[in-house]
Amino acid sequence: MAEGVKLFGALLSPFVYRVIWALKLKAIPYEFIEEDLNNKSPLLLKYNPVHKKIPVLLHGDKPVCESMIIVEYIDEMWPQNPLLPNDPYERALARFWVKFAEDKSPSVWRLFRAKGEELEKTRKETLEMLQNVEEHGLGEKKFFGGDSVGMADIAFGSVVYWLEVVEEVLGGGVIFEAHKFPRLHAWMKNFKQAPIIKENLPDRDWLVTFFKRRREAMAASA
């Protein structure tokens, strides 16, 4: 069933890494097709004509779009190493936190572009998101679903890893402080040390350099 799996993406995207992690956790072989986001390929536009965005998973001749929808598709298509718990209530909880990540994480992406009052507002939104996860999301568990990386971890892992990059690019006050978010820090450490995740994390220094240059270019053109 894994025959003919292709992933259209770019290796600077947190959304693409969600799909990469899911495929790797399931041990699904795939072909990665790097997209130039300044010159999107005809195939990307063909397979995602509505949003024209990465990632796109192509399974045979069937395109699937939007990162967490792709992750759910992968989990349903290949049942080995399930990313959602068996218990219906636990599955509902996992889906709740996935949706929370989808709804609240845009504040992290806005941080990169914000300045002045907008930056402070976005910092507060990001802090509120982290505080909610710290207080209500993890409890004493190693991962959101227990002892192994699951769907909610994939959703939030991309958010927090890129938040750390954005913080370094921006300089100034740190949002994701260990003493404020001890559970989240312990969880992120566990997430980054999980073997499949550790082997498939983007190089942080490369990301920081890329986004620093991007921010400098934005400032120069403003």
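What relative accessible area does N81 have?

Reply: The model is a predicted one, in which local features need pLDDT of at least 70 and side-chain atom pairs count only at pLDDT 80 or more, while totals for chains, interfaces and linings use all residues. Numbering starts from 1 along each chain as its sequence is written, and side-chain values use heavy atoms, without hydrogens and water.

N81 has a relative accessible area of 45% and is therefore partly exposed. On this scale buried is under 20%, exposed is over 50% and partly exposed lies in between, with a 1.4 Å probe and protein chains only. The residue sits in the loop between α3 (67–77) and α4. Although N81 is not a glycine, its phi is positive, at about 50°. Helices (H or I, at least four residues) and strands (E, at least two) are DSSP runs, numbered from the N terminus.

Two other loops have backbone features to note. A27, in the loop between α1 and β2, is another non-glycine with a positive phi, of about 60°. With a relative accessible area of 59%, A27 is exposed. In the loop between α2 (42–47) and β3 lies P55, and the peptide bond from I54 to P55 is cis, with omega near -5°.

The strands come next. Strands count as paired if DSSP finds at least two bridges between them. Four strands form an open sheet in the order β2-β1-β3-β4, with mixed pairing. β2 (31–34) and β4 are at the edges and have a single partner strand each, so one side of each lacks a neighbour in the sheet. From one strand to the next the twist averages 20°. Axes are lines fitted to C-alpha atoms, for helices over the stretch in contact, and angles run from 0 to 180 degrees between N-to-C directions.

Within the sheet, β1 (residues 5–9) pairs with β3 in the antiparallel sense over 4 bridges, and F8 has V56 of β3 as its bridge partner. Helix α1 (residues 14–25) packs on the sheet and touches β1, β2 and β3, its direction making about 155° with that of β1. Contact here means heavy atoms within 4.5 Å. β3 (residues 56–59) also pairs with β4 (residues 62–65), again antiparallel and over 4 bridges. H59 is opposite K62 in β4. The hairpin of β3 and β4 has 2 residues between the strands, and G60 in its turn has a positive phi of about 65°.

Aromatic side chains make 18 pairs in the structure. Rings of Phe, Tyr and Trp (its six-membered ring) pair if their centres lie within 6.5 Å; planes under 30 degrees apart are stacked, over 60 edge-to-face, and the rest tilted. The F112 and F211 rings have centres 5.4 Å apart and planes at 80°, so this pair is edge-to-face. F112 belongs to helix α5 (residues 106–113) and F211 to helix α10 (residues 204–221), so the pair ties together parts 99 residues apart in sequence. F112 and F211 are both buried. W187 and F191, by contrast, are stacked, because their ring centres are 5.7 Å apart and their planes at 25°. They are 4 residues apart in helix α8 (residues 182–193), or about one helical turn. W187 and F191 are both buried, and both belong to an aromatic cluster that also includes F144 and F156.

The largest nonpolar core has 72 residues, of which F156 and W187 touch the most other members. A nonpolar core is a set of buried Ala, Val, Leu, Ile, Met, Phe, Trp, Tyr and Cys residues joined through side-chain atoms within 4.5 Å. Helix α7 (residues 151–170) gives the largest share of this core, 13 residues. Domain 1 (5–77) and domain 2 (88–221) both contribute residues, so the core lies between them; the domain bounds come from an automatic or database domain assignment.

Helix α5 has S107, V108, W109, L111 and F112 as its buried residues, which pack against α1, α4 (88–104), α6 (117–136), α7 and α10. T122 is in α6 and is buried, with a relative accessible area of 0%. Apart from neighbours within four places in sequence, T122 is in contact with S107, R110, L111 and A114.
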